[in-house]
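Biologist: I would like to understand how the parts of this chain meet. Could we go through it together?

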Amino acid sequence: MNDNLKSDLMEKIVALCKRRGFIYPGSEIYGGLTGTWDYGPLGALLKKNIKDEWWKSTVQLRDDVVGVDAAIMMNSAVWQKSGHLEAFTDPLVECKICHQRFRADKEDEIREHEKTHKEKVGWTSPQKFNLLVKAYLGIIEGEQSEIFLRGEITQGVFVNFENVVSSTRVKIPFGIAQMGKAFRNEITPGNFTFRSREFEQMELEFFIKPIEAEGNKWFEYWKNQRIKWYQDLGIKKENLRFRKHEEKEKAHYAKVAEDIEYEAPFGWSEFEGIHHRGDFDLSAHNLSYVDEDGNKFTPWVIETSGGVDRSLLFFLLDAYHEDGNRVVLKLHPKLAPYKVAVFPLLANKEDLVSEARKIYKTLQQDMMVAWDDRGNIGKRYFAQDEAGTPFCVTVDFQTLDDKTVTVRDRDTAKQERIAIEKLKNYFSEKLK
Ligand code: GAP
């Protein structure tokens, strides 16, 4: 893809998201709030489908993983012990001309900024900037305690490690999974939702015996599982790769870190982090495990940490197609916000509308179904293509005679006639 097409694609996706109700700027009517985004009706459905698929593959289909849902607000001791108060920082530099601040390690963003000034830019020396977002809890001013909104959802899993072990039958190796919001005071939020200040993570902490070979085995296992998950949900293989972190960029808790990266229009970018956290966190919280033979030890942790918002953005970018003047989001059927749209051919023909309404209500029992009776059929198809709806069902005059409908496929635009009574089975096969 050449550079023009790439920057074009980003603009098209941002515009499509706003126009169709996937994503809006946060607090827009008051001028917005940098680094925050609101998901509209289509975006909320897509997000839910991504999370449901992740939960299904990570928790529901596995015998060795359980899920938790920990509080966002935690005792500040958690962040002190976990090292985040000290080390959850980015290097910040300031442009001496306009005083805009940047991350010193984002060289391309710094170079771009330098181009905006005619004179040679001078920079302040890098300072550590802590990313944790502060909040104040309590009802009496002056007696409120300062807390931190969680900068990673992970610590909620670690502090509950012993609770989970004693309240379930998990045995090492096993995992604890969680999804939820995280907050970071990012120095330069940007590239649409890619780097936000409020975002959602989906994470697995997988606890293993502290043996080097076991660590390597499980690290490789989870790397492969996670890249496969994205591929199975339709991300093109050639747009994905692994990248190992250099020593200097590793997070303070990581023994080894590798990213799954996606080739976004703004370059290869982190999709999900796979981290070997060793015993860093459980040791920090003074937690351990006793096996069936009574041996006490501190397990190691292999972590997979993905972003829900980043996934949503990359799924959209990867699914975007133009076919003449038709824009099609070729989202995997499991992710598509609406699975089927139902139309009566004409909105003013009572018997067509009532037949279509019956089909709509029946299919709704099993899936999200869209209804559209405005404008001509061609426009309705185009609108559903842009929303990523895999199938459209049209009730026409033939339906009234032979109880069949037209089913039109989003990706091929081909149509076939299907008996109404076979629709449920037809879609349960096609939407797998
Ligand atoms: N528990 C480990 C952890 O939080 P991370 O690499 O800092 O690791 C994991 O974050 C994932 O969370 C990233 O790969 C990305 O998908 C998502 N993420 C991190 N910061 C983000 C941000 N500012 N905006 C959107 N997503 C973000």
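Modeller: Let us begin with a term: buried area is the accessible area, taken with a 1.4 Å probe, that two parts lose on being put together, summed over both. Please keep in mind that this is a predicted model.

Biologist: Which domains does the assignment give for the chain?

Modeller: The assignment gives domain 1, made of 3-68 + 154-318, and domain 2, which covers 340-430.

Biologist: And how much area do domain 1 and domain 2 bury between them?

Modeller: They bury about 420 Å² between them, and 53% of that lies on carbon and sulfur atoms.

Biologist: How many residues of each domain are in contact?

Modeller: Six residues of domain 1 are in contact with four residues of domain 2.

Biologist: What separates the centres of the two domains?

Modeller: Taken over C-alpha atoms, the centres of domain 1 and domain 2 are 37 Å apart.

Biologist: Now to charges. How many salt bridges are there between the domains?

Modeller: The count between domain 1 and domain 2 is two. A salt bridge joins the side chains of R19 and E386, with an N to O distance of 2.5 Å.

Biologist: What about polar contacts across the interface?

Modeller: Three residue pairs are in polar contact across the interface of domain 1 and domain 2.

Biologist: Which elements give two or more residues to the side of domain 1 that touches domain 2?

Modeller: These are α1 (3-20) and α2 (41-60). The most comes from α1, with three residues.

Biologist: What classes of residue does that side have?

Modeller: The side of domain 1 that touches domain 2 has four nonpolar and two charged residues, and no polar ones.

Definitions and conventions:
Residues are numbered from 1 along each chain as its sequence is written. This is a predicted model: local features need pLDDT of at least 70, side-chain atom pairs count only at pLDDT 80 or more; totals for chains, interfaces and linings use all residues. Side-chain values use heavy atoms; hydrogens and water are left out. Domain bounds come from an automatic or database domain assignment. Contact means heavy atoms within 4.5 Å. A salt bridge is a side-chain nitrogen of Lys or Arg within 4 Å of a carboxyl oxygen of Asp or Glu. A polar contact is a pair of N or O atoms within 3.5 Å; within protein, one must be able to donate a hydrogen and the other to accept it, and residues adjacent in sequence count only if both atoms are side-chain atoms. Helices (H or I, at least four residues) and strands (E, at least two) are DSSP runs, numbered from the N terminus. Ala, Val, Leu, Ile, Met, Phe, Trp, Tyr, Cys and Pro count as nonpolar, Asp, Glu, Lys and Arg as charged, and the others, Gly among them, as polar.
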